[in-house]
Amino acid sequence: MSNLQENGAGIFCDPSDKNTEKLSFLMKEIIQSSGYPKEDMIFLCIGSDRSVGDSLGPLVGTMLKEHQVPCRVYGTLEKPVHAFNLKETLKEIKKEFKKPLIFSVDACLGDQNQVGYVFLKEGPLVPGKALKKVLPEVGDYHIIGMVNYIDPLPAMQFLNDTRLYTVMNLAKTIVKIITQATNESQGTF
């Protein structure tokens, strides 16, 4: 669970919204200009299935596998990547890949008027920031879904109060963006 404080491309969209096409096109351009073959691309979906607000990453990972995205996916409902195994997962990735292109996916807390937004940003994700956890930064790019907002109450309270409906819509949107970006690409992305 990250905290939205940085700049980047962010568009409010849902699975039926045309704004998903804008983010898909942007992601497709990033993938194509990278020159990476699909075998060296990773979607690292971070979160826990034990909290509705933090389950966005594992839901996205599971849906990506169900859609047979032609890239490696880490972090599913069956095998989530979270605070307790993130470092171990990163070691596993380093052993298996020389220099992969990593897109990190995580839930995010931010302003109340941004709940439901999906953001695609360049640079690493800082997981656990909203909960004041110190975890390694991950990813060349990251995709975050704004699941809830921050208030003076502890951030964990907002994770527990997050609506499953919001998380599911964000997961469907992110999966649609990724599948459109990866399926339209030919050969090396």
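**Group meeting: cores, cysteines and salt bridges**

Okay, let's start with Lys79, which is exposed, at 62% relative accessible area; exposed here means over 50%, buried is under 20%, and partly exposed is in between, using a 1.4 Å probe and protein chains only. Before I go on, this is a predicted model, so to speak: local features need pLDDT of at least 70, side-chain atom pairs count only at pLDDT 80 or more, and totals for chains, interfaces and linings use all residues. Residues are numbered from 1 along each chain as its sequence is written, and side-chain values use heavy atoms, with hydrogens and water left out.

Back to Lys79. You'll find that residue in the loop between strand 4 (72-74) and helix 3 (86-96). Helices (H or I, at least four residues) and strands (E, at least two) are DSSP runs, numbered from the N terminus. Lys79 sits 30 residues from Asp49 in sequence, and their C-alpha atoms are 9.5 Å apart.

Now the inside. A nonpolar core, for us, is a set of buried Ala, Val, Leu, Ile, Met, Phe, Trp, Tyr and Cys residues joined through side-chain atoms within 4.5 Å. The largest one has 34 residues, and among those with the most contacts inside it are Met27, Phe43, Val60 and Phe103. Several elements give two or more residues to this core, including helix 1 (19-34), strand 5 (101-110) and helix 5 (164-183). Helix 5 provides the largest share, eight residues. There's also a second, separate core of 17 residues, including Ile42 and Leu135.

So what does Val60 touch, leaving aside neighbours within four places in sequence? Val60 is in contact (heavy atoms within 4.5 Å) with Cys45, Val105, Ala171, Ile174 and Val175.

On to cysteines. Cys45 is buried at 0% relative accessibility, and Cys71 is buried too, at 10%.

Last topic, salt bridges: a side-chain nitrogen of Lys or Arg within 4 Å of a carboxyl oxygen of Asp or Glu. The whole structure has two. One joins Arg72 and Glu96, at 2.4 Å from N to O. That pair links strand 4 to helix 3, 24 residues apart. Arg72 is partly exposed at 32%, and Glu96 is partly exposed at 43%. Lys99 forms a salt bridge with Asp140, with the closest N and O atoms 3.6 Å apart. Those two are 41 residues apart, Lys99 in the loop between helix 3 and strand 5, Asp140 in the loop between strand 6 and strand 7.
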